[in-house]
Amino acid sequence: MSSVESHQQQLSQSDPSPSPNSCSSFELLDMDAGSLYEPVSPHWFYCKIIDSKETWIPFNSEDSQQLEEAYGSGKDCNGRVVPTDGGRYDVHLGERMRYAVYWDELASEVRRCTWFYKGDKDNKYVPYSESFSQVLEETYKLAVTLDEWKKKLESPNREIIILHNPKLMVHYQPVAGSDEWGSTPTEQGRPRTVKRGVENISVDIHCGEPLQIDHLVFVVHGIGPACDLRFRSIVQCVNDFRSVSLNLLQTHFKKAQENQQIGRVEFLPVNWHSPLHSTGVDVDLQRITLPSINRLRHFTNDTILDVFFYNSPTYCQTIVDTVASEMNRIYTLFLQRNPDFKGGVSIAGHSLGSLILFDILTNQKESLGDMDSEKDAPNIVDEGDTLTLEEGLKKLQLSEFFNTFEKEKVDKEALALCTDKDLQEMGIPLGPRKKILNYFRTRKNSMFDPVAYRIEPMVVPGVEFEPMLIPHHKGRKRMHLELREGLTRMSMDLKNNLLGSLRMAWKSFTRAPYPALQASETTEETEAESESSSEKLSDVNTEETPVAVKEEVPPINVGMLNGGQRIDYVLQEKPIESFNEYLFALQSHLCYWESEDTVLLVLKEIYQTQGIFLDQPLQ
């Protein structure tokens, strides 16, 4: 006996008449009794815990199709692994679990979904279990074939589902206390809507990501485990950054995508905070932390103290080594999963992460060796500073002082602690002393503020110029900025015209009377004076309106760095941020993850090296 028949025998004695709560709605539909049954189209979902609540998220259409093909292939699902989400996650089909590939994350449940019901507190639909969905589908098939509706089923949680007709199916929760008296649950309370098939529920299903990866970007976070004002992790923020990039590729590089010139850019997060705080430092911090204002002190220990950790010789090297080894680990794994990848690699840092990457790049050896001769995947960065003291002195062309340091038993670590007076006592001249101290000490302990500062004034110290304003991703400037500049120009024009008319009136008032015969000469002098005064006013106007000057400034060459192109860029402020810049200072430091302007700048810089440009250049 099938499970459908057993359910029908158990529940057929239930009253077929609708409950008082819902009787007014099902009689409005006049269904065709000869409706033909069509199998339901399944879609695969995975479950994530968001704000301490389970949320079911659909796989994109390509991933769901791959999972369905693997499921229906007839092979044993145990041990079957299907890569999803651009290869960043693996789905173990037999376990029905989804695992992250490149970072640590709790595994999430995967489900092949066909039937859904609306949740309690929101309008999101929740899928039934696969086994109960199969029971619902068999009951629905029988009802359509025999044209016998108003079927009742009881879920494993003793909840009642009633199929009134193909377009009206409801779900009732059990009444509290009914089991104590041994009675069966009845349809009471507010009914929930039941839907068959993912096409009948409101959910966004994306098409999927391009298979071709053109470029790989490692993203290093700043202080603390949270990267934005919503206290999300680096993984979640980079996911948003990647999603924005995929949307912008479709809108701003549409021609290149249609011609299959480009695929996508992969962004992968690099986490150093968790390894640092797993070394036992949190235990020591907890012992010395005062019990008052506990939450604030815990927040300080978890975030702000990372700056001090990086300024300490011990933990600074731990952080640098962690970032370098993590990038190398992810890069090796990425090449294993993408053996045809031929693109370049970039690194991006936010806040303190940019300083960490600066120090790593500064401490790279000039040559990483013959990578082509290595069988294993090459490292993209050196893990720590591998130059010895002798190699460092040779690089500075000061090899003659190595014997002096060797005689005094001074190695690289000891040299980093030496002062100028110590080197002077060793007999090292002033010039070499400064070079040695600058090279070996700044490489170990860099004192920089982790918040944004400019670089170009240090590269080109003799020229003063403003940072580049990043164009809006829709083109031109934001409306309030254009309005502000327009009002500024208009007020300056009114001011100059008013000053000019007042000056002419004052001169005509103070000028002595001339004979009538000299009237023509006076007119000529007046015109000449007015021309000269207008020239002076135009000079003043030019000095007082820097906006006009900026537009005529020739392109600035900032040297060999970045190929002579600009380095410093600044985002356009939003309208609400123009009221008080201090109120939005923290938000402006954390706004990059979902900023289309920032993502578009990164994509433009990456693809222009490959000779691929925006469909329409931004102004």
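**Exercise 1. Is Ala-107 buried, partly exposed or exposed, and where does Ala-107 lie?**

Step 1. In this predicted model, Ala-107 has a relative accessible area of 34%. Buried means under 20% and exposed means over 50%, with partly exposed in between, so Ala-107 is partly exposed.

Step 2. Now find its place in the chain: Ala-107 sits in the loop between strand E5 (97-100) and strand E6 (108-113).

Step 3. Then look across to Tyr-46. Ala-107 and Tyr-46 are 61 residues apart in sequence, and their C-alpha atoms are 9.9 Å apart in space.

**Exercise 2. Work out the order of the strands in the open sheet, and name its edge strands.**

Step 1. Walk across the sheet from one side: the 6 strands come in the order E2-E1-E6-E5-E4-E3, with antiparallel pairing.

Step 2. Look at the two ends of that order. Strand E2 (53-58) and strand E3 (81-84) are the edge strands, as each pairs on one side only.

Step 3. Zoom in on one pairing. Strand E1 (residues 43-50) and E2 run antiparallel and are joined by 6 bridges. Within this pairing, Ile-49 has Glu-54 in E2 as its bridge partner.

**Exercise 3. How are the rings of Phe-45 and Phe-116 arranged, and which parts does the pair tie together?**

Step 1. A search of the whole structure finds 14 aromatic pairs. For the pair of Phe-45 and Phe-116, the ring centres are 5.5 Å apart and the planes stand at 55 degrees, so the pair is tilted.

Step 2. Phe-45 is in strand E1 and Phe-116 in strand E7 (residues 115-118), so the pair ties together parts that are 71 residues apart in sequence.

Step 3. Tyr-117 counts as buried at 17% relative accessibility, and Tyr-128 is buried at 5%.

Step 4. To finish, pick out a cluster: ring pairs link Tyr-37, Trp-115, Tyr-140 and Trp-149.

**Exercise 4. Why is strand E14 (residues 264-270) described as largely enclosed?**

Step 1. Count the buried residues. In strand E14, 7 of the 7 residues are buried, so the strand is largely enclosed by the rest of the structure.

Step 2. Sort the side chains by direction. In a regular strand, side chains alternate between the two faces of the sheet. In E14, Arg-264, Glu-266, Leu-268 and Val-270 point one way, Val-265, Phe-267 and Pro-269 point the other way, and all are buried.

Step 3. Find a neighbour. Strand E13 (residues 213-220) pairs with E14 in the parallel sense over 7 bridges, and Val-217 stands opposite Phe-267 in E14.

**Exercise 5. Which residues form the nonpolar patch on the surface?**

Step 1. List the members: Phe-231, Ile-293, Leu-296, Phe-299, Ile-304 and Phe-308 form the patch, and together they have about 660 Å² of accessible area.

Step 2. Take one member as an example. Ile-293 is in the loop between helix H8 (281-288) and helix H9 (294-302), and its relative accessible area of 53% makes Ile-293 exposed.

How values were computed: Residues are numbered from 1 along each chain as its sequence is written. This is a predicted model: local features need pLDDT of at least 70, side-chain atom pairs count only at pLDDT 80 or more; totals for chains, interfaces and linings use all residues. Side-chain values use heavy atoms; hydrogens and water are left out. Two strands pair if DSSP finds at least two bridges between them. Helices (H or I, at least four residues) and strands (E, at least two) are DSSP runs, numbered from the N terminus. Patches are made of residues with over 30% relative accessible area and no salt bridge: like charges are joined within 9 Å, nonpolar side chains (Val, Leu, Ile, Met, Phe, Trp, Tyr) within 5 Å. Accessible areas come from the Shrake-Rupley method with a 1.4 Å probe; for residues, only the protein chains shown count as cover. A salt bridge is a side-chain nitrogen of Lys or Arg within 4 Å of a carboxyl oxygen of Asp or Glu. Buried means under 20% relative accessible area, exposed over 50%, partly exposed in between (1.4 Å probe, protein chains only). Rings of Phe, Tyr and Trp (its six-membered ring) pair if their centres lie within 6.5 Å; planes under 30 degrees apart count as stacked, over 60 as edge-to-face and the rest as tilted.
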